[in-house]
Amino acid sequence: MPRDPLLRAWVALIGLSLGSTTLTLWHWPPKFAALAGALILTLGWLKARVILSRYLGLAAAPFWRRGFELALAMFCLLLLGLYLLASAF
């Protein structure tokens, strides 16, 4: 694993993107479609955390990083709730 934090973040983003792509290409049975959407949203949330932490430099400011991560988590939970609500109908 590279020592440079930006290079490590880039490798993590590539890995998470490959995971998201793999999940979208997989043929999910209809009863597991909600799980697939939740997994893809989770990977997107992890990518956003890497971008906020490394590329925007919030790793050096733990107070601000926690605030942004809390807001991002609340937003992702809202999106997940809306997605699950829409998939129930």
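Which residues in helix 2 are buried? Let's take the views one at a time, starting with that one.

**View 1. The buried residues of helix 2 and their cover.** Ala36, Gly37, Ala38, Leu43, Val50, Leu52 and Ser53 of helix 2 are buried, where buried means under 20% relative accessible area, exposed over 50%, and partly exposed in between (1.4 Å probe, protein chains only). Their cover includes helix 1 and helix 3 (62–87); helices here are DSSP runs of H or I, at least four residues, numbered from the N terminus. Helix 2 has 23 residues and reaches 32 Å from its first C-alpha to its last, close to the 33 Å expected at 1.5 Å a residue (the expected span is 1.5 Å times one less than the number of residues). Just after helix 2, glycine 57 takes a positive phi of about 75°.

This is a predicted model, in which local features need pLDDT of at least 70 and side-chain atom pairs count only at pLDDT 80 or more, while totals for chains, interfaces and linings use all residues. Residues are numbered from 1 along each chain as its sequence is written, and side-chain values use heavy atoms, with hydrogens and water left out.

**View 2. Serine 20 in helix 1.** Serine 20 lies in helix 1 and counts as buried because its relative accessible area is 10%. Leaving aside residues up to four places away in sequence, serine 20 touches Leu43 and Lys47; contact means heavy atoms within 4.5 Å.

**View 3. A nonpolar surface patch.** Leu6, Leu7, Trp10, Val11, Ile14, Leu18, Ile51, Tyr55 and Leu56 make a nonpolar surface patch of about 830 Å². Patch members have over 30% relative accessible area and no salt bridge, and nonpolar side chains (Val, Leu, Ile, Met, Phe, Trp, Tyr) are joined within 5 Å. Helix 1 (5–25) and helix 2 (33–55) each supply at least two residues, with the largest share, six residues, coming from helix 1. Isoleucine 51 sits in helix 2 and counts as partly exposed because its relative accessibility is 38%.

**View 4. Helix 3 and an aromatic pair.** The buried residues of helix 3 are Glu69, Leu72, Ala73 and Cys76, and they pack against helix 2. A search of the whole structure finds one aromatic pair. Phenylalanine 63 and tryptophan 64 form this edge-to-face pair, 5.8 Å centre to centre with 80° between the planes. Rings of Phe, Tyr and Trp (its six-membered ring) pair if their centres lie within 6.5 Å; planes under 30 degrees apart count as stacked, over 60 as edge-to-face and the rest as tilted. Both phenylalanine 63 and tryptophan 64 are exposed.

How values were computed:
Patch = residues over 30% accessible without salt bridge, like charges linked within 9 Å, V, L, I, M, F, W, Y side chains within 5 Å. Areas by Shrake-Rupley, 256 points an atom, 1.4 Å probe, with all protein chains shown as cover. Salt bridge = Lys/Arg side-chain N within 4 Å of Asp/Glu carboxyl O.
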